[in-house]
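User: I am new to this structure and would like to know what stands behind the terms used for it. Please take me through them.

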Amino acid sequence: MTDNHTPASPLLNEHRGLGATFTDFAGWAMPLKYGSELAEHKAVRETAGLFDLSHMGEIAVTGPQAGEALDFALVGEASKIGIGRAKYSLMCDADGGVIDDLVVYRLTDNRFLVVANAANAPTVARELADRAAQFDADVDDQSTDTALIAVQGPASEAIISSLVPDEQLELVAHLKYYAVTAAQVNGIDVLLARTGYTGEDGFELYVPNAQAVALWRALLAATTAAGGAPAGLACRDTLRLEAGMALYGHELTRELNPYAAGLGKVVRLGKEFVGREALQGLSEQPVSRVLVGLKGATLRSSFDSRGPRRLPRRRRRGGRGGNGDVRRTVADPWLPHRAGLPRHEPGRTRNPAAGRHPRQQRAIRSHPGAVLPPQLKGPPHDKPDHPRRPQLHRGTRMGADRSRRCPAGHPGARRHHLRRRRSTR
């Protein structure tokens with residue numbers, strides 16, 4: 001794939017010099033990987049990875065009624081965010097479908113920064129402007145003028161601290177999760193946030209495009225000196241999936257409402273906002289589909305060991321149905337198995353938590369509203385409330401060891417029955 005796209009990251013030439021492989025991400029030429037995505041994943045888990053996320057959307061909302069405007073535009077209460085703090089929220093349409101998931105930072109009393117996904121940034125900016133029109137607030141899409149660089153991993157605090165003035169060392173050390181502050185990194189004024197999308201500690205640095213290259217080079221030198229490496233979007237996907245974080249277009253879509261996505265906790269029905277009436281009704285209904293975490297028995301014996309085509313997007317489970325929709329599966333670089341985030345219809349399978357997929361998928365949790373938890377521990381039978389299903393032993397004759405035969409109703413039982421009839425003729 002060529003990397004001649006517009007708009008482009010201000011760091012495009014830096015990535016070329018590092019030998020990056022590029023991908024077209026929502027019209028942006030972004031680094032997919034620099035070498036091995038598995039090595040980059042491991043670097044983030046053990047030391048640190050340096051990401052270019054300049055394709056993300058940055059939208060400023062300012063004015064005396066900026067908080068009220070965001071309260072009306074989003075499902076959460078932005079007006080209650082403290083100065084210097086951030087909150088995860090959703091933008092929904094009038095029917096309750098998720099337009100985008102985003103992070104809202106409150107910089108001052110009357111100034112907010114909304115960070116949207118790259119593919120949805122123009123839509124979010126347009127919707128914010130339309131919904132804020134009745135308030136004393138201004139919406140300014142700064143996406144193409146702002147670079148976003150992230151340092152993620154256990155060593156990220158030490159890396160940032162090595163580049164800030166001595167008087168800001170305590171500021172960095174005491175910066176809380178989902179907080180933001182102004183800082184100087186390598187002499188460059190940045191907006192420093194501590195949110196992250198990898199399941200590790202990490203920092204995001206917002207800076208004007210003109211200072212992006214100098215900041216990247218300083219961070220890259222400090223990251224590699226700490227044993228880390230630049231990281232592309234491929235390992236960001238495996239990292240967020242491993243941590244159970246949703247990605248728009250996979251676990252979140254416009255056809256999905258916050259409750260079905262397991263994100264009902266971010267909805268505040270006690271205020272007026274776009275989509276409130278629809279979400280009020282949905283909140284009073286049983287959840288029809290929920291997001292669960294799947295873990296394969298091994299890297300090769302699970303979901304799609306020969307590629308995503310090995311597992312249909314939809315599959316019937318059990319004799320009574322139970323529709324499943326597998327959103328994303330990967331060979332987990334950190335854990336000794338594959339991981340995935342499917343949605344299924346609760347109550348349609350006899351025991352979905354303990355049941356196994358034909359390719360030996362195992363559900364970590366499947367109660368209504370469940371989202372893949374950060375702890376991908378062990379198979380369901382490690383917990384007392386998840387009884388283990390009988391093991392199936394292919395090739396065991398019906399008359400050999402009756403304790404090891406296939407359970408009645410399993411397809412293998414029919415094969416064994418026919419084999420026994422042939423052997424007695």
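User: What makes strand β4 and strand β7 a pair, and in which sense do they run?

Analyst: This is a predicted model, in which local features need pLDDT of at least 70, side-chain atom pairs count only at pLDDT 80 or more, and totals for chains, interfaces and linings use all residues. Residues are numbered from 1 along each chain as its sequence is written, and side-chain values use heavy atoms, with hydrogens and water left out. Strands are DSSP runs of E, at least two residues long, and helices are runs of H or I of at least four, numbered from the N terminus. Two strands pair if DSSP finds at least two bridges between them. β4 (residues 57-62) and β7 (residues 111-116) have 6 bridges and run antiparallel, so they count as a pair. Within β7, Leu 113 stands opposite Ala 60.

User: Where do these strands sit in their sheet, and which strands are its edges?

Analyst: The open sheet has 5 strands in the order β5-β6-β7-β4-β8, paired antiparallel. Its edge strands are β5 (86-92) and β8 (138-141), because each pairs on one side only.

User: How do you know that helix α4 touches the sheet, and what is its direction relative to β4?

Analyst: Contact means heavy atoms within 4.5 Å. Helix α4 (residues 121-131) touches β4, β5, β6, β7 and β8. Its direction makes about 10° with that of β4, where axes are lines fitted to C-alpha atoms (for helices over the stretch in contact) and angles between N-to-C directions run from 0 to 180 degrees. Helix α3 (residues 66-73) lies across β4, β5, β6 and β7, at about 30° to β7.

User: What does the side chain of Arg 106 reach instead, and at what distance?

Analyst: It reaches the backbone oxygen of Asp 109 at 2.8 Å. The backbone oxygen of Ile 81 lies 3.1 Å from a polar atom of the Arg 106 side chain.

User: Why does Glu 40 have no salt bridge either?

Analyst: Glu 40, in helix α2 (residues 37-46), is buried. Its nearest side chain of opposite charge, Lys 33, is 7.8 Å away, so this pair is not a salt bridge. The Glu 40 side chain does reach the backbone nitrogen of Gly 35 at 3.3 Å.

Methods. Buried < 20%, exposed > 50% of the residue type's maximum accessible area, 1.4 Å probe, protein only. Lys, Arg positive; Asp, Glu negative; His and termini not counted. Salt bridge = Lys/Arg side-chain N within 4 Å of Asp/Glu carboxyl O. Polar contact = N/O pair within 3.5 Å; in protein donor to acceptor, adjacent residues only side chain to side chain.
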